[in-house]
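Biologist: Could you take me through this structure step by step, as I am new to it?

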Amino acid sequence: EICGKYGNNRARLMDIVQEVQERIGHVPREAFGLIADEANTHRVEVESVVSFYAFLSDNKKGDVVIRLCDDIIDRFKGGEAVGEALCKALGIGFGETTGDGSITLEKTPCIGMSDQAPAMMVNDTVVTNLTPESIPGIIRQLQENPDPQALVHETGDGINADPLVHAMVNNHIREAGPVILANYRRDAGLRKALTQAPEEVIEDVKNSGLRGRGGAGFLTGLKWELTRQSPGTDKFVLCNADEGEPGTFKDRVLLTERADLVLEGMTVAAYAIGAETGIIYLRGEYAYLRAYLEDTMNQRRAANLLGINILGKEGFNFDVRIQMGAGAYVCGEETSLISSCEGTRGDPTDRTPFPVVKGYMVSPTAVNNVESYCCAARIMDMGPGWFSGIGTDRSAGTKLLSVCGDCERPGIYEVPFGTRLGDILERAGADDVACVCVGGPSGQMVGPAQFGLGISYEELSTGGSMMVFSNQRDILEVADAFMEFFVDESCGYCVPCRVGNVLLKKRLERVRKGEGAQSDLDYLQRLGESVKFTSRCGLGQTSPNPVLSTLKNFRPVYNALVKDNGDGLQKSFNIMKAVEAASAIAGRRSEIFHA
Ligand code: SF4
């Protein structure tokens, strides 16, 4: 029945296994063969999909699955104490299910709630601002009523109060800039685009200077032009809403506050490149937004803003579906995202060919970020000159920043490109700052010497994540946590990323323990550069950044930890510590070595 609902189409395998899991709590191994037969694929394909994604399982879990966010911001905000309170209240550890089979407890990487950490998902419902004290009440309530949505006794601001959004989430919009978060004329951009030829629309987007907001910064207009020019009858528009970069949450806010604008931008893109199908790839952590987005799409269909002959434009047909992700960071990489949309493991693929030539279903595909589509719609309404007049010469427009960590006002700031990092910290109420991670773990960790730099592609580039760490924090603990994240999220395909990140983490641990030497720092530098240079996809090419950027910007922190630290002295070898274990086994007092 479920396979039939998706047309027995192997490309919809993700939807099929997700629905099986939704109905019976897991995807039983005995069903793999049946699903494969019905979906015209192989058993091993089903197995590889179920085993790849963190949110899919062939093991029966509890009716309720609690996933506590375990990123560094949550840890620093008290996440570990919350975790202990959860274990105590449930009488189980992480990775276990209660004896009555009702509740499973797990940890998960960043769930996009760093502005209201610590947070957790209870099935698809997000619960934020947790404390150890709030946990017993939450668990009691779940035991009395296992419907997670009954937990939500508070809603956030703006459209988050929509009855279709079940989550304890506040959008924390601190500064609305002129492009995206200011008031705008709904669908004016699309109406204007339809009065022009598709090539003119592309020319406008090119002239605006819009660059991809996911972080890579490729020119959006050029991407659309290449997609339009690539041969193929079917073309696709994909929206990357898989913001898995720890510390970022701006797409979460756009999808609730500007869902119409995202869909308008996708529709403009479809008109420009000649596509009839669009897909929003929504990260599994944002499943609580799905009903709201579906409702928005239905309203647009009713208003002829999606569907056949859109707004009366003869022959312009376009519609959008949502593809749910299932907890795999690598799917934020565009070729992985395409693989996932095609119903397979989210494996990155080689470029070339680029997706603009052969992307989804081997057809020309434009993949853009949520924020990029919002910008494109506004450019069509206000004109390319208006947009390029904001920001800097090489970075036009505004950037949405998700500011979190050690600051008084975490949340969303829409600022013109070129705004100094120090100004943003001041507005966010961050003083005593030792380090800012700009762009998440795959970005750069910078110190006060860089606070005068502007947010832009030419100075400090970011997809949106901005994590603030005060002088009370251990910077190398942060770098270590980021390396742990990459070790976990590597898809394992290529050796530099699969093995190199483990080696980087181990050597970093050694240095942190005070057991390293200058040669270890040289090793970290060399290996980091090698992993960057030789990895296959964006994940591996950026994963050494926490190590490389701290080596560059926080060298004194490393130097203070290594033995031959440049002060001309070798730190003494701690023989007492070294023989402690052996002394205990032999039953000797180690103090003897003092003699
Ligand atoms: Fe997979 Fe890492 Fe290689 Fe990318 S770089 S293909 S994530 S192993």
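Modeller: What follows is a set of questions and answers on domains, pockets, strands, a helix and some backbone angles.

Modeller: This is a predicted model, in which local features need pLDDT of at least 70 and side-chain atom pairs count only at pLDDT 80 or more, while totals for chains, interfaces and linings use all residues. Residues are numbered from 1 along each chain as its sequence is written, and side-chain values use heavy atoms, with hydrogens and water left out.

Biologist: Into which domains is the chain divided, and what distance separates the centres of domain 1 and domain 2?

Modeller: The division gives domain 1 (2-52), domain 2 (64-153), domain 3 (174-388) and domain 4 (398-473), with bounds that come from an automatic or database domain assignment. Taken over C-alpha atoms, the separation between the centres of domain 1 and domain 2 is 29 Å.

Biologist: Between which domains does the largest pocket lie, and why?

Modeller: A pocket here is an open set of points on a 1 Å grid over the protein atoms alone, where a 1.4 Å probe fits, with protein on both sides within 12 Å along at least five of seven lines; lining residues have an atom within 4 Å of a point. The largest pocket has 47 lining residues, and those nearest its centre are G214, G215, A216, G332 and E333. Because the lining of the largest pocket takes residues from both, this pocket lies between domain 3 (174-388) and domain 4 (398-473).

Biologist: Which element gives the most to the lining of the largest pocket?

Modeller: Helices (H or I, at least four residues) and strands (E, at least two) are DSSP runs, numbered from the N terminus. At least two lining residues come from each of α9 (220-229), α10 (250-257), β10 (365-369) and α20 (538-542). The element that gives the most, with five residues, is β10.

Biologist: What volume does the second largest pocket have, and which element gives the largest share of its lining?

Modeller: A volume is the space filled by probe spheres set on the grid points, which are joined across faces, edges and corners, and for the second largest pocket this is about 880 Å³. The second largest pocket is lined by 34 residues, with Q18, E22, N123, D124 and A287 nearest its centre. Two or more lining residues of the second largest pocket come from each of α2 (13-24), β1 (64-69) and α12 (290-302). The largest share, seven residues, comes from α2.

Biologist: Is strand β13 enclosed or open, and which strands pair with it?

Modeller: Buried means under 20% relative accessible area, exposed over 50%, and partly exposed in between (1.4 Å probe, protein chains only); six of the six residues of β13 (433-438) are buried, so this strand is largely enclosed by the rest of the structure. Two strands pair if DSSP finds at least two bridges between them. β13 runs antiparallel to β15 (465-470) over five bridges, with V436 opposite V468. Three bridges, again antiparallel, join β13 to β14 (444-446).

Biologist: Which residue in the turn between β13 and β14 has a positive phi?

Modeller: β13 and β14 form a hairpin with five residues between them, and C437 stands opposite M445 in β14. The turn residue with a positive phi, of about 95 degrees, is G439.

Biologist: How many residues of helix α21 are buried, and against which elements do they pack?

Modeller: Helix α21 (545-553) is mostly covered, with eight of its nine residues buried. By contact (heavy atoms within 4.5 Å), these buried residues pack against β14, α17 (475-489), α18 (495-512), α19 (518-534), α20 and α22 (555-559).

Biologist: Which strands stand at the edges of the sheet of five strands?

Modeller: This open sheet has the order β2-β3-β1-β4-β5, with mixed pairing. Each edge strand has a single partner strand, so one side of each is left without a neighbour in the sheet; these are β2 (96-97) and β5 (125-127).

Biologist: Where is the cis peptide bond that involves P118, and what is its omega?

Modeller: P118 is found in the loop between β3 (103-108) and β4. The cis bond runs from A117 to P118, with omega near -5 degrees.

Biologist: Is N40 buried or exposed?

Modeller: N40 lies in the loop between α3 (32-38) and α4 (43-52), and its phi is near 55 degrees, a positive value in a residue other than glycine. Its relative accessibility is 56%, so N40 counts as exposed.
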